Amino acid sequence: MTPITSLNRTTPSTTPVGGGRYAPTSGTASAAGAGSSTVVSLGAGANNTGAKALVWENRTRSTAANIMAQNFSGQPVAGRLNGLGAELLKQVAYDGEDFSQTVQQAPGGVQADTYDMLVMPSQVSQHGMGDNQIGLTITTRGGVKVELKLDAGENSIAVEAHADGDLSEVERKALGKLAEAFQQSIDGLTEDPPRIDLGGLTQFDSNVLSSVDLKGEIKLNPKETQRLEFHADSKQRTVSFAGPAGNAKIGVDLSQPASWGSKDQQAKALNNYLREVDDAGLRGQGNATMIKMFKDAFTGMNEDYGAPPPVSPSAISLTKQDRALTTGLADFKASFSQTEVASNPARLTEKDTFSYEVSQKTTITGTSQLDRGISQQQQSRLKANYHTPAKAGSVLALDLSPNSQNYRYVTIDDSASSTTSIGYDKGALVKASLEMQANQSSRVLKYTLAKLQEDRTTPHGKAMSRDLLSTLEPERNGGDTLSDAERDQMLAKLNDQIFLKSNPDALPNERD
């Protein structure tokens, strides 16, 4: 067998072919056939006897291959995809050509003493065999599907890029703009604990690309895996993920851009929903890791919808008054739940659980601008169970002994909603209303020395309903017509009051 070494960990000089950024090495031999080996020079260099000897799938060299060699030798398994996603997508964007490469450590006993690499297909792991796998699929408006696959494990790194048609220059540029966003999504998934970073992948040029799909499976430890699936097109965005902390699903409906508000209004609404999630986490003692993952995903899916598509002149649009009664966000459904834990071995039926769901639905009716109607409903639901010490300041240490069984088992069941409605007839305002409700219920079972001492349920709720006609048009009841500045102030105050509130004490009064 010919002596082999690892790929030089510094970037070798390359000679572009046909103006491209990447090119196969001119090499000292042709590509290896099945069962054979070929040493291909990647550049002259001094002896590097401390480097790992690597074996490659083929003799094609590129910046991506250099990154693979560096990551294989210098990164733990979780970091072996560092920089690879972005570079592979840039490679496709620059050359528009397919690419495939796999690297693994050479068989034992092989010495590394030059900057050559061994091409030995029969010894290379198959693609898709690594514990950490990432797949990105992008479909262009022209119908070309581009697929990128990356995987890494203890013994190999593999990357593959394939397009089922020819890419135009405009399509390649649109792909290249997603390179860093793709890498950020990979970096987030491979962190410990995982982080959901998808915002950049939603920002594709929808005039050139029709959809983006991401799938990831990351092995966190020998027993636990984090999985994620993401899809985005011009009409919807969806993401689901599951792992040791729990699972979540988020779907955003982009089919009704007429309901979108300004960037400032959207940011305000997003922050309000995130506060609701935080409040639910505190009340139900949710898992901090799962809550952060959900908030990151929810933010990435909603913080930027891009420019709304053009609408026909006859389409119904919302006025400043209409928008005061809506959040400005696209409609969505979102939920997450944490993995159940049986923390009390003496009572295995008492599980620590947490689930939360929140949604928004907007309906626009009417045949013209003069008879339009807009309604919007926000809803949330929290269900949780947890154990807490019987006395403040004491430590919960539940085991099978009666002396450890001094605790409270708390059950939370909350719901909230906010519904707004506004309607016009022949251009005149004929109805406007705000209805809100929030109900909280907590049941506490108190145990002392494993014996039930107390079972108490505490309900707390509030509902309000307000007719907004006189608020929007005070002259109806003999009041003065509002100036433009007064009207803007009134609408801003009204908009602050329509957002979902799960705490009954936070609901506005009927005549605020």
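Among contacts between residues at least 6 apart in sequence, what percentage join residues at least 24 apart? In this protein the share is 70%, where contact means heavy atoms within 4.5 Å.

A word on the model first. It is predicted, so local features need pLDDT of at least 70 and side-chain atom pairs count only at pLDDT 80 or more, while totals for chains, interfaces and linings use all residues. Residues are numbered from 1 along each chain as its sequence is written, and side-chain values use heavy atoms, leaving out hydrogens and water.

The protein holds 9 helices and 17 strands, which are DSSP runs numbered from the N terminus (helices H or I, at least four residues; strands E, at least two). Of its 512 residues, 46% are buried, meaning under 20% relative accessible area with a 1.4 Å probe, protein chains only.

Now to the nonpolar cores, each a set of buried Ala, Val, Leu, Ile, Met, Phe, Trp, Tyr and Cys residues joined through side-chain atoms within 4.5 Å.

| Core | Residues in core | Members include |
|---|---|---|
| Largest core | 109 residues | Phe182, Phe230 |
| Second, separate core | 5 residues | Leu398, Tyr407, Tyr409, Leu445 |

Phe182 and Phe230 have the most contacts inside the largest core. Helix α6 (residues 288-302) gives this core its largest share, 7 residues. Phe230 itself touches Leu198, Val212 and Met301, among others, not counting residues up to four places away in sequence.

Finally, a helix pair: the axes (lines fitted to C-alpha atoms over the stretch in contact, with angles from 0 to 180 degrees between N-to-C directions) of α1 (residues 63-74) and α2 (residues 84-95) come within 9 Å and cross at roughly 165°. That makes α1 roughly antiparallel to α2, a label for angles over 145 degrees.

Methods. Buried means under 20% relative accessible area, exposed over 50%, partly exposed in between (1.4 Å probe, protein chains only). Angles under 35 degrees count as roughly parallel, over 145 as roughly antiparallel, 65 to 115 as roughly perpendicular and the rest as oblique.
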